[in-house]
Structures are given as C-alpha cells and as structure tokens.
Amino acid sequence: MNKAAVISPDMKWWQKTIAYEIYVKSFKDSDGNGTGDLNGITSELDHLKELGVGAVWLTPCYVSPQADNGYDIADYYNIDPAYGTMEDMERLIAEAKKRDIRIVMDLVFNHTSNENEWFKESRQSRDGEKSDWYIWADPKEDGSAPTNWRSIFGGSAWEYDETRGQYYLHTFLPEQPDLNWANPEVRKALQDVAKFWADKGVGGFRMDAITYIKKPETFEDGKPDAGDGMVGIHSMTANTSGILDYLHEFKSAVQEGTDIFTVGEANGVSASDLGQWVGKDGVFDMVFEFGLTGIDLPDETNWCETREWTLFDFKSFFDDSLAAADAAEGWFPVFLENHDQPRSVDHFMPGEGDRIARAKALAALLLTMRGTPFIMQGEELGYVNVNWPSIDDYEDISTKNHYEFAIGEGYSEEEAMEGVHRFSRDSSRTPMQWSASENAGFTTGTPWLPVYPDYSVFNRDLELDDPDSVLSFYRELADLRNKHTELIDGKYQVMIPENEDIYAYSRDNGSKKAVILINFTDKDVSYDPGLIKDAECILSTVSDEAAGVLHPYGAAIYEMNSH
Ligand code: GLC
C-alpha cells in the first residue's frame, strides 16, 4: 500500500532543517573594510533561504582582539565594531526569522580573550574577587611551567604572569586563557551570557571546545609524545570525569523550556560515549564528533603524518555514530567541513577527478544522511583547498604553528608545506565567491584573506544560472528533502557494506524508502539492480540508471515503497 509521506510529528524544528555555517569574517562585506559583517549577512539571507537553510551558525562576532579570529572573546555582550552593532544583530535575527531562519550563536566558553575584563581582573592579584576565575598554578621549583602540556596550537599550554608570579593555562593560544569552570560564579556568569542571547531570539548554540572545560584535580606531567618533551593537552584534560555535571547544570539553567538547540564541539567524544552526551539523558541535542574529519590524521599535532583510509572506515563512522545516536534517542549533526577543516572535495575524494562531480557526490551524502546537515559556506559552490606556495601566504595562526612544529621535528620544508596544503584552516576561510566581479563581489575594499582565484568560474551568480552547477544540485537536494521526507525522518541502514567503491544506504520511514548510491572512485562501477527493484530514480549525477552504472563520482537516489 502506498501510504502518504508525513514527517514524524514529534520531530523538532532543528531536526528537520538544514544548517549552514557562516564564517562571519569571510561571508560578505557591506562597508568596504575588507572584512565580512552582519549587514552583509542580512543582505544575502535569500541565498540561504533558497538552499533550504533554517539555522545559521555564526562564528563568533563578539568584541575580540582577533588573535584567533574571534574565538578569543573580550566582551560577550557586544558585537565587534568590525562586524557591526547590536542593532545590526537584532535586525539580522529579525530578518532571518521572517524567512524562517534562526540564528545560532557560537558560545566560546572554555576560554576568553586575555583582554576580557574578567581576565584583566583575575591577573591583578591572587586574592581578588576574580582571582579564581581562570586556571592559575605555581611554577615548578625551577621556575618552569607547572606541567609539560603542549597547547593545541603548539608551544607550552602555560603562560607566565609577572604580577601574580604564577602561570595560567591556555588550551589554545596564550591570548586565550582557560576559564575555571570549577568556580560556580564562572558557570553562573556563562549561563547569564547564554540567557542574554536566548532572550535576543536566537535559535541555537554551538558550544566551542566544550570537552576541555573541566580540568583534572591535580596537574601532572604527561609522557612526552614528541621531540619537544611535551605532551598534547588533549590527552591530559579532554573529557575529565565530572564534566557532564557542569553541562547538565547549563542545560537546565539555559535551555529547558525553550526551543533552542545545542550542538557541542566535542573533540574526543566518539560513538561509544555518545549516549551520555546527546539524547534524552544527554547534555546537548547534538555533538560534532571528529572521527570522520580525522580519518586521515592519526595525530592532530602532526600534519605530516597521515593515515591511509578506505571507504570501509568512512562507512563505519556513520554506522557507529548513527546507531549510537539512535540508541540514545539523540540526534546527529552531519558535516564534512567546517572552518577548522579542509575542503571536503580534497579531503574525502582526493585526486584529479572531475571537481564538480566530486562536490555533487559529497553533497548527495551530506543532504541525505540521517541527521541535521551542516553546510560550510562555500561548500555549496564546490570549493577546494587553497594551495598557497609559502607558509607566509597563510594567515591562520594554527597553520603557522603546525608548520613550525613540523620543522622543529625535523621534517623538510616541502613535507611541512604538504601538511599545510592538506589541513590548513585557511582553505575553509577564504572569502565567499558571490560573482565574477572584482574580489568575487565579497568586498569593495581589500579582502582580509585573498579570494581564491577560481572565482571567475566558481561563484554564486554563475552557478545560479547553470543548471549543472554544484549550487543548483544543492538546491535540488534541498527541494528533494521536502518532497521525499524519508530523507529527513527515515531510519538509516547501510547496504552492500562490503562494497569497497560504493557507499550505499537506505532511509526508510515506514512509508517510503530511499536508496542512496555514491561512487567514491574515479572509475565506472556497476551495482546490483536488485538494490533498486521497483524503485524510481529521483535524482542522479553522472550515472547510467538503465545500465546500473555509476560513472566516476556518480551519485543516484532512488525511491520505493517501504515493505
Ligand atoms: C574551536 C574552534 C576553533 C578555535 C578553537 C579555539 O576548535 O572551532 O576555530 O580556534 O576552538 O576557540
């Protein structure tokens, strides 16, 4: 019997929509200062609307000295003048709402900027009101740092402060001192920040670097993991026991009774512990796990060592995470890129194959996998990595530090640059390419980061007019999700798991079943017609349905009645 497709009534708004990440600095500049801004975003909301986007995650746009492009916040309650004013933000929230789009704020709560008033006060003395708001520790007897921990961006994770005669901890840059969540006043202050933004009408929060907020009771040296005698801080402080208590407290103080969603950036959380993090007993609605983006990188500190991976590893990531999220009655954020990751076309389908086909194949996966898809700005246009020749061409501080680390470990300049080309965060941060006009229509000034030269071909305006473009394909997929709602609420099941070339899976909501087939190789591969018996092809890229063949990087989506 052919039952009418209805989307499960108990699904939340953010489970049914498409999310989109905006790197505010690079999206659209409205005032010619070379930096993207809030009014620029407001002017392009229709681009997002037409992509089916219902939630827009803004990277931090609060007052910041920009040591880490806004992830170092000096004032959580105000907008950085480079990005606009609070009125601009209110207008953005309101204009977005008119289009059924909710704004998602990035809450950077593991640390602040060293220019935040809280930190300025904390560093003044050992017994002031805020002296305990950050992680302070005495030097070792010889005056050196309390432990041998290496920060995530390289170098010691401790910075000496003359006034207090103590060191403070920074998981990331020295300009990003870690807050002390063990202090209830700090937790309360952070809850107040979140409530302030909730009251402004935002729809969600992305919780930055959240697995680092709880520190161990005592600080001890770890076994060195590289020639610099240090150990990565991640292995010493991530997911410290008791962290979930803080986050449960946050959830009940901030989120309960609202329709706001939360998504935690949960480096170090894998499928096996997902149940504690998401779902009915969890602390967030979703968490970003990094098993997939780290598929080729065994050690985040060292970009020169890569790991061979196969399509089986890729499939396992989704199999395991979706099973775990479902078991917890939780939900999954699907992402292939973000502002810290390389472009997915180069990451997951490397090689010389047709770039447009590769981008479309990955788009097919992103928008048909079970979960809320997060598109990274530019992904919908088919961006690839920047391959700038010299380390001096790069802007990102973490890229520079990774390069230095590699040189320090004895890698050649060429090897260090290969790592940079593969993993630099600048690849996902180049300005948005709106048109073929100067600076890709991003700014009338000088862009803060060079526009990628392919903008004359890959840009929004041209792709909009081209029915075969990556952008047109994204729009078709967004439309398809609304028409074939099993792509939103259907259960996921991997098919032909042993096939090493094709990723095939189904989405079945009990009424309709979609079968998605994606060729991950640069050769023709055929599939068993039995997989799609009695099914109708509802979308395909380079493939020959009649012959049951997917051409290189081809993707096809079929639909049939559920059995
Ligand atoms: C997160 C952000 C990254 C930032 C870091 C420090 O990983 O995504 O961009 O550099 O936290 O805040």
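The axes of helix 13 (residues 355–368) and helix 17 (residues 470–483) come within 10 Å and cross at roughly 20 degrees; axes here are lines fitted to C-alpha atoms over the stretch in contact, with angles from 0 to 180 degrees between N-to-C directions. Helix 13 is therefore roughly parallel to helix 17, a term for angles under 35 degrees. This is a predicted model, in which local features need pLDDT of at least 70 and side-chain atom pairs count only at pLDDT 80 or more, while totals for chains, interfaces and linings use all residues. Residues are numbered from 1 along each chain as its sequence is written, and side-chain values use heavy atoms, with hydrogens and water left out.

Contact means heavy atoms within 4.5 Å. Among the residues that meet are Ile356, Ala359 and Leu367 in helix 13, and Phe473, Tyr474 and Leu477 in helix 17. The residues of this contact comprise 11 nonpolar, one polar and two charged.

Helix 5 (residues 86–98) has 13 residues and reaches 18 Å from its first C-alpha to its last, close to the 18 Å expected at 1.5 Å a residue; the expected span is 1.5 Å times one less than the number of residues. Its buried residues are Met86, Asp88, Met89, Leu92, Ile93, Glu95 and Ala96, where buried means under 20% relative accessible area, with a 1.4 Å probe and protein chains only. Their cover includes helix 3 (38–43), strand 2 (53–58) and helix 7 (184–199).

Thr399 lies in helix 14 (residues 397–408). Thr399 counts as buried because its relative accessibility is 0%. Not counting residues up to four places away in sequence, Thr399 touches Trp303, Ile391, Tyr394, Val420, Ser424 and Arg425.

Key:
Helix = DSSP H or I, 4+ residues; strand = E, 2+ residues; numbered from the N terminus. Parallel < 35°, antiparallel > 145°, perpendicular 65-115°, else oblique. Nonpolar A, V, L, I, M, F, W, Y, C, P; charged D, E, K, R; others polar. Buried < 20%, exposed > 50% of the residue type's maximum accessible area, 1.4 Å probe, protein only.
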